[in-house]
Amino acid sequence: QEMRERRAHTGAALLNQGEIEKLQGRFEISKKLIQEALGMAKIQNDHPTELSALKLIGSIHHIKGTPQEALGAYRQALELSRSMGVRFQEAIILGDMGSTLFESGAHQSACAHIEEAMAIAKEIGNRVLQAKLGEHMGLILSNQGDFEKSLAHLCHALSIAMELGDRRYEANLRGNIAIVQRMRGDHEEALAAITLALGIDRELGNRVSEARHLRVAAQIHLKMASFDKAIDHHNAAHRIETDLGIHGRQTNHFGYIGLVHKAKGSLDLAIASFNQAIVSDRSSGTRWGEAHWQGNFRDLNSSITRMATLAPGGRISAEVVAEEIERLRELWAEPSESSGEELLETLLDADKLETIDLFDRLQLHAVIKVCRESATLSEAGRKLFGTSREKKKTANDADRLRKFLARFGLSWQDVRA
């Protein structure tokens with residue numbers, strides 16, 4: 001029994017370490033650790049740990065652009081979740097499979113998987129999961145050009161976010177709705193939606209989201225031929241990113257400004273902006289560093305299909321290409337080695353941070369990221385203690401998470417701010 005418990009603790013430690021390595025972008029190390037944990041879980045018949053490991057392996061393959069391997073891991077996880085009768089996990093895995101299928105070009109199958117996941121979320125009454133899956137379906141449909149159904153799903157997700165009082169998620173959804181409305185050509189409605197999103201960002205002090213939404217607003221103003229407002233919004237977004245120390249956007253910024261001047265007919269200013277973009281890019285030593293294609297031919301086909309869908313009048317314009325490049329940059333952005341430290345520095349003073357071991361800092365950073373992706377303390381707790389909670393007679397995930405944060409002098413409100 002003692003040996004069994006020791007192995008269980010070792011497996012859990014390997015799994016947690018693997019997840020941290022994944023968050024840091026070290027996928028091969030992460031996969032090796034998680035596969036070791038998976039092997040131990042199978043020997044122990046530890047199904048909750050086995051399920052978590054399979055899901056993580058699937059997500060690593062999804063990120064790396066190996067969809068068949070991702071789907072293989074997800075199918076095993078799905079079968080296991082069904083044998084365990086864990087409906088919540090079944091829905092999440094179906095949603096993950098939907099994402100992978102969509103990005104591999106199997107759009108119809110992707111929608112079928114997400115619809116099945118949405119039905120389970122509704123059946124078990126999980127409103128947060130219903131909203132997340134609805135948003136997911138809405139974004140997939142927008143990429144297929146089905147804007148009506150896309151907006152219906154996004155608006156339903158928005159109603160749930162408002163019902164739950166999750167203002168941060170509400171802002172994110174309003175931003176996505178604005179993007180779809182812009183794609184559909186409803187520029188006035190898009191502008192109203194993004195204005196509301198920006199209002200919430202400023203109310204919450206969420207400057208990263210504010211910068212992203214300012215760029216969306218700039219694109220809407222460009223479509224409306226409000227060129228000066230487009231430039232003002234791009235400049236405002238750039239100032240925020242500079243203040244926050246978000247690097248690597250200089251080339252994007254000048255390139256966008258150049259596109260606005262070009263659309264306005266100010267060709268000399270456009271050339272000057274494009275030259276600034278080139279100088280910025282060369283000074284960073286990247287030569288448009290994103291030129292290394294990290295996907296496969298299916299990913300390339302998805303990008304071309306997406307641009308063709310968004311292209312006005314059937315012609316893929318420089319603006320549409322620039323937007324797709326921006327999307328890929330954000331998708332493929334290499335994780336900053338200092339990003340974890342920067343996050344903790346915003347929450348803890350320097351003296352306190354110096355007393356925390358590297359291991360604990362990495363773990364705390366991973367926990368904070370999960371908290372910020374979750375609507376409630378309980379939801380974050382369920383994600384973080386999903387394996388060990390199955391072995392407890394009474395699972396009080398929220399209290400465990402609250403106590404963990406308190407070890408570092410933090411509260412739920414602190415990490416969500």
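This briefing walks through cavities, salt bridges, loops and a surface patch in the structure above. The model is predicted, so local features need pLDDT of at least 70 and side-chain atom pairs count only at pLDDT 80 or more, while totals for chains, interfaces and linings use all residues. Residues are numbered from 1 along each chain as its sequence is written, and side-chain values use heavy atoms, with hydrogens and water left out. Two cavities of 30 Å³ or more turn up in a search of the whole structure, and a search for salt bridges finds 19.

**Cavities**

- Rolling a probe the size of a water molecule over the atoms shows where empty space is left.
- A cavity here is a set of points, on a 1 Å grid over the protein atoms alone, where a 1.4 Å probe fits but cannot get out; lining residues have an atom within 4 Å of a point.
- The largest cavity has a volume of about 40 Å³, where volume is the space filled by probe spheres set on the points, and grid points are joined across faces, edges and corners.
- Its lining is made by Arg7, Ala8, Gly11, Ala12, Ala37, Met40, Ala41, Gln44, Asp46 and Thr49.
- Helix 1 (2–23) and helix 2 (27–44) each give at least two residues to the lining of the largest cavity; helices are DSSP runs (H or I, at least four residues), numbered from the N terminus.
- Sorted by class, that lining has five nonpolar, three polar and two charged residues (Ala, Val, Leu, Ile, Met, Phe, Trp, Tyr, Cys and Pro count as nonpolar, Asp, Glu, Lys and Arg as charged, and the others, Gly among them, as polar).

**Salt bridges**

- A salt bridge is counted when a side-chain nitrogen of Lys or Arg is within 4 Å of a carboxyl oxygen of Asp or Glu.
- For the accessibility classes that follow, buried means under 20% relative accessible area, exposed means over 50%, and partly exposed lies in between (1.4 Å probe, protein chains only).
- Within helix 5 (residues 87–103), Glu90 and Arg87 sit three residues apart, about one turn of the helix, and they form a salt bridge whose closest N and O atoms are 2.9 Å apart.
- Glu90 counts as buried because its relative accessibility is 5%, whereas Arg87 is partly exposed, with a relative accessible area of 30%.
- Glu203 and Arg167 bring their side chains together in a salt bridge at 2.6 Å, N to O.
- Glu203 lies in helix 10 (residues 187–204) and Arg167 in helix 9 (residues 167–184), so this pair ties together parts that are 36 residues apart in sequence.
- Arg167 has 31% relative accessibility, so Arg167 counts as partly exposed.
- Another salt bridge joins Glu241 to Arg215, with the closest N and O atoms 2.9 Å apart.
- Because Glu241 lies in helix 12 and Arg215 in helix 11, the pair ties together parts that are 26 residues apart in sequence.
- Both partners count as buried: Glu241 at 4% relative accessibility and Arg215 at 6%.
- Salt bridges that share partners link Arg82, Arg87, Glu90, Glu116 and Glu123 into one network.

**Loop residues with positive phi**

- Asn45 is found in the loop between helix 2 and helix 3 (47–64), and its phi is near 55 degrees, a positive value in a residue other than glycine.
- Asn45 counts as exposed because its relative accessibility is 55%.
- Ala225 lies in the loop between helix 11 (207–223) and helix 12 (227–243), with phi near 65 degrees, again a positive value in a residue other than glycine.
- At 45% relative accessibility, Ala225 is classed as partly exposed.

**Surface patch**

- Ile316, Val321 and Ile325 make a nonpolar surface patch of about 200 Å².
- Such patches are made of residues with over 30% relative accessible area and no salt bridge: nonpolar side chains (Val, Leu, Ile, Met, Phe, Trp, Tyr) are joined within 5 Å, like charges within 9 Å.
- Accessible areas come from the Shrake-Rupley method with a 1.4 Å probe, and for residues only the protein chains shown count as cover.
- Ile316 belongs to the loop between helix 15 (297–310) and helix 16 (318–332), and its 42% relative accessibility makes it partly exposed.

**Helix residues and their spacing**

- Ile57 is in helix 3 and counts as buried at 7% relative accessibility.
- Ile57 and Lys32 are 25 residues apart along the chain, and their C-alpha atoms are separated by 9.5 Å.
- Gly39, in helix 2, counts as partly exposed at 33% relative accessibility.
- Gly39 and Glu50 are 11 residues apart in sequence and 8.1 Å apart in space, C-alpha to C-alpha.

Terms used: On a 1 Å grid over the protein atoms alone, a cavity is a set of points where a 1.4 Å probe fits but cannot get out, and a pocket is an open set with protein on both sides within 12 Å along at least five of seven lines; lining residues have an atom within 4 Å of a point.
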